Amino acid sequence: MAAPEAAARKRRLKGHFAARAKRPRGGGRQLEAGMRGILITCNMNERKCVGEAYSLLGEYGDLLYGPEQLSEPAERLSGSEREEEENEDDDAEAALKKEVGQIRASTERQLRRFQSVESGANNVVFIRTRGIEPENLVHHILKDIHTTKKKKTRVILRMLPISGTCKAFLEDMKKYTETFFEPWFKAPNKSTFQIVYKARNNSHMNREEVIKELAGIVGSLNPENKVDLNNPQYTIVVEIIKNVCCLSVVRDYVLFRKYNLQEVVKSNKEDAQQNPSNVTEEQNSTAVKPETMEENLKEVKQEQE
C-alpha cells in the first residue's frame, strides 16, 4: 500500500531533519571567535549565575533598549506557502516541510538578546548578546549599583563586557587589535590606559609578551596615548579562555572595583572624591603620565590585575 510507505518515509525524514534542525550550527552554544557578549565570574554555582545574569541583564536591557521583540513563525509564511499547506495537508512531504519550517522558526526565536553559551572554564559564564552594546549595558548596571548601593546578585562576582573576540594566538591578536583599538586610541583620540590580562585553560600565551605587543599597538595609533596604572581613562581587558581571546575597552575600571558587583556595593563615598572625572564620565584625566612609550611598557609589565 502507498499509504504505509509514505508514512514510513515521513517518519524517517522527520527524524533526520529534526536532528539537523536541533544541532547548533558553527558551535553556536560554545564561546568562539567572532562573538560579543558579557563574561561573568561566579562562586561555584554556574547554573544560579546564569539565572541571575538573565534576570539582571533582562531588567536593564529592557530599560535601555525596550522590551525584546520576538517574531512569530506564522508571520514568516508567504501567501503561497499558506495556500500550499491548505491544499496538501494530506501529503507526507508537505507535512514534513511544514514541520521542519516550524522547527527552524522555533530555533530562530531562541536567538534571544541574551543567550548563555559554554565558556570553556569553571566558574565562568559567557552570555552572548545580540543587538546591544555590551560595554554600555554593563557600565550602566555598575553605575546604578554604585549609586544606589543595592545588592542585586548573590553568586555573580565580576561582569565584564566583551566587545570583540579572536583566536588566542599572538599574530591573530595583533592583527585584530590594530582595528579594534581605533575608536579609543587612534589619533586624534588620545587617552591614558592600562592593560589587565587573565588566561584560563591556556598555556601557550605569554602574559608579558601579550601586554608588550598590545601596548605597542596602542602607542602606534597615537604616541600621545600613555599608561596610567592609578586612574586610567580606559582599561583594556584581555581575557583568554582556551583558544579564544576576549577583548574590551572599559571606563571606570578602578571606580567600579574591577567591575566586581559585590565590591561596588561595598564601595563608599570616598570614590567620588578620588575619581571625580570618572563619576561625571568626563574623559579628561589629570593623572601624571609617563613621557615615552618605553616607560609605558615598563609600567604595563609591572601592572597586576
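Ser 248 sits in strand 9 (residues 244–250). The model is a predicted one, in which local features need pLDDT of at least 70 and side-chain atom pairs count only at pLDDT 80 or more, while totals for chains, interfaces and linings use all residues. Residues are numbered from 1 along each chain as its sequence is written, and side-chain values use heavy atoms, with hydrogens and water left out. The chain has 12 helices and 9 strands, taken as DSSP runs numbered from the N terminus (helices: H or I, at least four residues; strands: E, at least two).

**Chain as a whole**

- Of the 305 residues in the chain, 42% count as buried (under 20% relative accessible area with a 1.4 Å probe, protein chains only; exposed is over 50%, partly exposed in between).
- Among contacts in the chain (heavy atoms within 4.5 Å) with a separation of 6 or more, 80% join residues 24 or more positions apart.

**Ser 248**

- Ser 248 counts as buried because its relative accessibility is 0%.
- The side chain of Ser 248 reaches the backbone oxygen of Pro 161 at 2.9 Å.
- The C-alpha atoms of Ser 248 and Ile 162 are 5.1 Å apart, although 86 residues separate the two along the chain.
- Leaving out residues up to four places away in sequence, Ser 248 touches Pro 161, Ile 162, Ser 163, Phe 180, Thr 235, Ile 236 and Val 237.

**Thr 235**

- Thr 235, one of the residues touched by Ser 248, belongs to strand 8 (residues 234–241).
- Thr 235 has a relative accessibility of 1% and therefore counts as buried.
- Its side chain makes a polar contact with the side chain of Gln 194 at 3.0 Å (a pair of N or O atoms within 3.5 Å; within protein, one must be able to donate a hydrogen and the other to accept it, and residues adjacent in sequence count only if both atoms are side-chain atoms).
- Beyond four places in sequence, the residues touched by Thr 235 are Gln 194, Val 196, Ser 248, Val 249, Val 250 and Tyr 253.

**Helix 6 and helix 8**

- The axes of helix 6 (residues 170–180) and helix 8 (residues 207–221) come within 10 Å and cross at roughly 25°; axes are lines fitted to C-alpha atoms, for helices over the stretch in contact, with angles from 0 to 180 degrees between N-to-C directions.
- The two helices are therefore roughly parallel to each other (angles under 35 degrees; over 145 is roughly antiparallel, 65 to 115 roughly perpendicular, the rest oblique).
- Helix 6 contributes Leu 170, Met 173, Lys 174, Thr 177 and Glu 178 to the contact, and helix 8 contributes Glu 209, Val 210, Glu 213, Leu 214, Ile 217 and Leu 221.
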